[in-house]
Amino acid sequence: MAASLPDQSGDAKITNGLSVDVEDWFQVGAFENVIDRSDWDGIATRVEGNVARILDLFAEAGVSATFFTLGWIAERHPALIRRIAEAGHEIASHGYDHARVFNLGHAKFASDIRKARIILEDCSGQQVTGYRAPSFSIDRRTPWAFEELAEQGYSYSSSVAPIAHDHYGWPEAPRFAFRPLANSDFIEIPVTTAMLGGRRVAAGGGGFFRVLPYAFSRWAIAQVNEKDRRPAVFYFHPWEVDPGQPRMKHAPMRSKLRHYTGLDKMAGKLGDLVGEFAWGRMDNIAQQQSGHAPLWTGDTEPAETLAA
């Protein structure tokens with residue numbers, strides 16, 4: 001049986017989770033077979049200017065957010081991390097150098113999240129309690145990641161995309177917050193999906209937000225808030241507000257389409273989004289949902305009965 005939900009009745013807007021995955025343009029999964037990690041230090045970073053634009057946008061809208069940040073970025077831009085934290089936003093972990101969880105294995109994953117957390121806490125002065133896996137790479141192959149996160153003191157993750165996708169996805173997982181460990185309060189808060197024609201569709205940001213008309217995101221978030229009475233979880237990256245970034249001419253056409261489409265319209269669409277809905281930090285969403293998230297370990301009650 002699904003757990004009871006928090007009372008979110010009435011006319012007040014539901015506060016949704018706003019998040020930024022802080023990585024630079026050359027660190028994305030679309031270019032991982034084109035740009036080698038060993039070459040990263042020789043590439044001029046653009047993340048500081050892009051994050052500055054985002055901070056200004058959030059300040060103008062009066063919203064707080066969570067910045068899931070690579071340890072690699074924090075090592076090289078500690079002042080940027082302090083600026084984010086001092087603006088009232090949450091600093092959370094995106095791992096050290098954007099390695100997917102299922103490519104790391106358990107031991108290397110444990111080292112990765114420990115290293116990233118130490119760097120982020122040193123730079124920000126905040127306790128880091130949240131984690132998002134690069135490319136939403138916690139799935140049916142890596143359920144052990146939840147136990148490792150909990151053991152290291154993380155309180156929540158937002159690392160599951162409960163859809164089928166060619167790069168990621170755990171389509172059997174619940175659509176909304178769940179507890180993946182039977183003896184822990186640790187929770188997973190999946191990125192948002194909406195229901196269309198009886199099927200789940202991705203609606204939590206990223207490339208889908210850039211490519212599709214803004215009206216789709218408005219409809220999807222409203223569905224989650226008004227019909228499901230749940231907070232949506234939205235994410236994007238600093239490089240997505242940077243239409244002037246370098247072009248990788250030799251990248252596969254599919255990767256280039258995914259990465260570059262809609263960059264010139266992204267900032268305007270984000271402005272509409274943060275103005276139309278209520279937004280907050282992911283740690284606050286986790287705290288709100290923690291007492292109501294049902295247990296789902298991947299081999300218990302079917303996810304759809306928990307996601308209704």
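The model is predicted, so local features need pLDDT of at least 70 and side-chain atom pairs count only at pLDDT 80 or more, while totals for chains, interfaces and linings use all residues. Residues are numbered from 1 along each chain as its sequence is written, and side-chain values use heavy atoms, with hydrogens and water left out.

Helix 1 covers residues 47-61; helices (H or I, at least four residues) and strands (E, at least two) are DSSP runs, numbered from the N terminus. Its 15 residues should span 21 Å at 1.5 Å a residue, and the end C-alpha atoms do sit 21 Å apart; the expected span is 1.5 Å times one less than the number of residues. Among the buried residues of helix 1 are Val47, Val51, Leu55 and Phe58 (buried is under 20% relative accessible area, exposed over 50%, partly exposed in between, with a 1.4 Å probe and protein chains only). The buried residues of this helix pack against elements including strand 1 (15-22) and helix 10 (263-276). Just past helix 1, Gly62 has a positive phi of about 70°.

As for charges, the structure holds 14 salt bridges, each a side-chain nitrogen of Lys or Arg within 4 Å of a carboxyl oxygen of Asp or Glu. One of them pairs Arg100 with Glu32 at 2.5 Å, N to O. That pair links distant parts of the chain, 68 residues apart. Arg100 is buried at 10% relative accessible area, whereas Glu32 is partly exposed at 34%.

Notes: Contact = heavy atoms within 4.5 Å.
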